[in-house]
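Hi,

Here is the structure I promised to pass on. Have a look at it first, and then read my notes below.

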Amino acid sequence: MKTANQIRQDFLDFFASKDHTIVPSAPVVPHGDPTLLFTNAGMNQFKDVFLGQGTRRYTRAADTQKCIRVSGKHNDLEEVGRDGYHHTFFEMLGNWSFGDYYKKEAIEWAWELLTEVWKLPKDRLFATVYRDDDEAFELWKTCTDIGEDRILRFGEKDNFWEMGDTGPCGPCSEIHYDRTPDKSGKSLVNAGVPEVMEIWNLVFIQYNREADGSLKELPAKHVDTGMGFERIVAVLQNKTSNYDTDIFTPIIAKIAEIAGVPYYPDERGIPHQVIADHIRMITFSIADGALPSNVGRGYVIRRILRRAARFGRKLNLHEPFLYQIVDTLVENYGHMFPELIEQQDHVKRVIEAEETSFNRTLDRGIQLFEQETEGISKLAAIDRDILSRMEANAVAGEEQYRQMLRTLQHPLETHAQAFAMWLDELNEVYHQQLKLLEQTLDELKQAHRLHETTCQPFMEYVANTARVFERNLERGSEQIESYGKVEDLDPQNAERNLAVLLDALRDIFQSDDPLATNGFKRALQYHLQQDYIIPGEVVFRLYDTYGFPVDMTRQMAEERGLQIDEKGFEQEMAAAKARSRATTTFKVNLSQDDSDWIPVVAVDEIEFLGYEETEADAHIVKYRFEGDQIQFVLDRTPFYAESGGQVGDTGRVYNSDFSIRVEDTQKIKGQIVHIGTLQHGEITDNLARAVIDKDRRAAIRRNHTATHLLHKALRDALGTHVQQKGSLVAPDRLRFDISHYEAIDEATLHKVESHINQKILQNIPVETHIKPLEEAQAMGAMALFGEKYDEMVRVVQIADYSLELCGGTHCRATGDIGLCKIVNESSISAGVRRIEAVTGEGALADMVEKEHILQTVAHTLKCAIPEVPLRVNDLQNKIKALQKENEELQQQAIRGKIANILDDVTEVNGVRVLATQLDGADGDALKSLCDELRPKLGRGIAVLGSVLGGKVVLVVMVTDDLVKTGVKAGDIIKPIAKIVGGGGGGRPNLAQAGGKNPEKLGEAIQQVPEIVETFLPQ
């Protein structure tokens, strides 16, 4: 049996023998394509060719493309892991022709590979063609030996491929594999069932879809094919599930090893399968430059990672574990995708950091979920119990009725008697359950364990069902009584009488109308299906506070037989977005259309002079007013518009007719727009002088060139996984965000800073070049992740040290920077660190300020500056010694009180209970006292409270013999803490809590015996 790696190589080798260029997979993160979150098809990297906007040096290509499909029309997330063939990540094997070969070769080679190289049985293969594609039909019939009855025609839905509403498109021919035991799957082709599965799609791009919907022949016709790698491996390895192939088995084995839970290819194996699928998506996306975050593709990664972590809980995996699977995945894929090997450590650390972060909130989120759903689940269980008991009683009652008829020898009057007894039993069962339902509802309301939006419907439900049953009972009695009098009952035929009366009873209890007053059973069933819903407010809180994706909450709800209020969640989300918009202020309104511009001078193009010039003569082309602001465009300008993290220039534009103070420069619809205040005069078409703030620009240049040095120094110090994730280049500071998984220590930051300043001292020339994008990339120029570049790009080169694509303004040489000081390092999200620094005069000012602070400290400590660290260390040691001495004195004082406080012991149901207040003691002191009390108290419970710093500290201790009976300190402390406005928990024998209402502590201590009694065994 061929391995998956051999199958992949077979495909590539086969098409290499057909003169195809084997090209590498594009990243799953599509650079420069804002229409895609992830690469989701093999054709993505060749889209420009199909659109006629680009070319390649080859006309035939083959590859295996990494793909991710987790959103939009390709969202199969709920099926992933539950069936054997849906995945978030998959490989797409493809061969391509760009205006070279066409249908004939594509069909011949597909058939050759499947039947001659891989030896698939021909009587299990079906070919489909577009309904009007007679050419493809004939080629299948004449160029292969497939039976004509196995060539099937289908319509647009299945066999016509389109890139979008307009653009390249064409018919396609699919190959399907029949996995039915008796090869009877013809009727299942394109039915979307696993028994007959599409394995290869040959797309013939021959038309362009015009805006009016018409089709126009393309001058060059292309072939675009896609074969699902996981599916073909399953077919060739004779597996019914992709998870049973060697693509997944090593990963699943690793999961089972980590969890200590064996894998079974049934329902028990779903968690293993989900995790195995998701770790591929997570690993490949991070290796290709994406990171978990709260927006865009980052949120998708975070959502998938958290979903995998949630399934890990089903395998009792409560600590970070996903990162441990990465090594196994790299072993399987690294030879084909070397970026996995290069980024292996980075991927593991990002995943571990994200898992650790999520685990901190997961338990709290699950606790909230359990609290919010406990009441609903409890009521649902009682409700279902009512229904099952009613049904069971109906069955038992029928048999009981038969026995009564036999005993009473079938006189007519016994029928009514038997049915009345049966009805009484139903009535008794129902009212017992109804009473339990009402009691439980009241208990949950009192304990605030049922959300108010759920509580009211249940109250109404209880009242309504009671009324329904009473009406049914009354109507049933009347109907049975009337049946007992009519001549329809035969004194000699008990079985016939039974049938007549059973029909009457079923009509009462099993009406098909869920809202009918005589449909009690149906009313119960309808309620069970409709009303067990988690409110949208709760779903949103889990999402907003604890990072629970909605599908995770939905899944947890379904496991408990509940639903979520999707509409309510969407309303909460919309309200949150509205609140966010209401608190957001914008510097300038850029949303206006072009109609409000006032034209001044007509020009063919706008010229940017800012790389070389700081002032120039120019005409105003057009302008408009937005409140007190003026926005205008110049025909030639030295003003740099904000982009690439660099802020826009400020300055002045003036002549004898007007003067404008420019306060910002932005790009609007590709044009450089100056934004400012008209200080005096009126706009004319006369030549004006445009002058930028030169000192401000110089400061910006220093900071921008420093970011390039910083980027290189960080990659040298931390590793090549470091990539720019955002920046701000302002006159007073620079901010630089990078991909990194942990805090950068002081020693490393000092090393980076020192390295940058060495390059500054060397006064290295900073050169810029305009080059074709491919040439710049071939030189090794570093591109900003996710940025879309034009065909011609600007390259900024600092000798052989730094080479980046950048459109910003820079120093002439590194020495112009003067000095660089890193002032802060922080985290802005999982896997992303932020470095803040200052240069030039800003760095000098920072050093002067810190020196002044240090001098002030030295003066206060009465020592020289070099002695400050030693003196501070001495003071810290003295403080620690005093704190320790104070704690020991506090412990001695508390121990001295043990004998006295034992006098406060009371007995509750044979258990010694001590409740006392010891103000000034912290939690550690109270717990230490509990350790002293434990052997002296005997079989008992101690509750100690203290007011410290305006807050309440509570500790509860339960002796081990009581713990064995089920008494837990964590249970006892909760109602006590609630009295003082707090909460807490802990181990069964020791728990701690806090509270914000110290004035309530005395009341809480007084109620301890009563509270403890409710937790003692009866």
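Which residues have the most contacts inside the largest nonpolar core? They are Trp 140, Ile 199, Trp 200 and Ile 232, in a core of 89 residues. By nonpolar core I mean a set of buried Ala, Val, Leu, Ile, Met, Phe, Trp, Tyr and Cys residues joined through side-chain atoms within 4.5 Å. Helix H8 (residues 270–287) gives this core its largest share, 10 residues. Apart from it lies another core of 28 residues, which includes Val 913, Ala 991, Ala 993 and Leu 1001.

Before going on, please keep in mind that this is a predicted model, where local features need pLDDT of at least 70 and side-chain atom pairs count only at pLDDT 80 or more, while totals for chains, interfaces and linings use all residues. Residues are numbered from 1 along each chain as its sequence is written, and side-chain values use heavy atoms, with hydrogens and water left out.

Now the overall picture. The protein chain has 30 helices and 34 strands; these are DSSP runs numbered from the N terminus, with helices (H or I) of at least four residues and strands (E) of at least two. Of its 1018 residues, 50% count as buried, where buried means under 20% relative accessible area, exposed over 50% and partly exposed in between (1.4 Å probe, protein chains only). The accessible surface, from the Shrake-Rupley method with a 1.4 Å probe, comes to about 47900 Å², and 48% of that belongs to carbon and sulfur atoms. A contact means heavy atoms within 4.5 Å. Among contacts between residues at least 6 apart in sequence, 68% join residues at least 24 apart.

Leaving aside neighbours within four places in sequence, Ile 232 is in contact with Ile 7, Leu 93, Leu 114, Trp 118, Leu 120, Ile 199 and Met 227.

Next, follow strand S19 (residues 658–668). Of its 11 residues, 8 are buried, so S19 is largely enclosed by the rest of the structure. Two strands pair if DSSP finds at least two bridges between them. On one side of the story is S18 (residues 651–654), which pairs with S19 in the antiparallel sense over 4 bridges. These two strands form a hairpin with 3 residues between them, and Tyr 654 stands opposite Ser 659. S19 also pairs with S20 (residues 671–681), again antiparallel, over 10 bridges. Here Thr 665 stands opposite His 674. S19 and S20 form a hairpin with 2 residues between them, and Lys 669 in the turn has a positive phi of about 55 degrees. S20 is joined in turn to S16 (residues 629–634) by 3 bridges, and the two run antiparallel. In that pair, Ile 630 stands opposite Gly 676.

Finally, two loop residues to look up. Most residues other than glycine have a negative phi. Lys 862 has a positive phi near 60 degrees; Lys 862 is in the loop between helix H23 (840–861) and helix H24 (868–895), and is exposed at 73% relative accessible area. Asn 909 has a positive phi near 50 degrees. Asn 909 lies between strand S29 (906–908) and strand S30 (911–917) and counts as partly exposed, at 48% relative accessibility.

Happy exploring!
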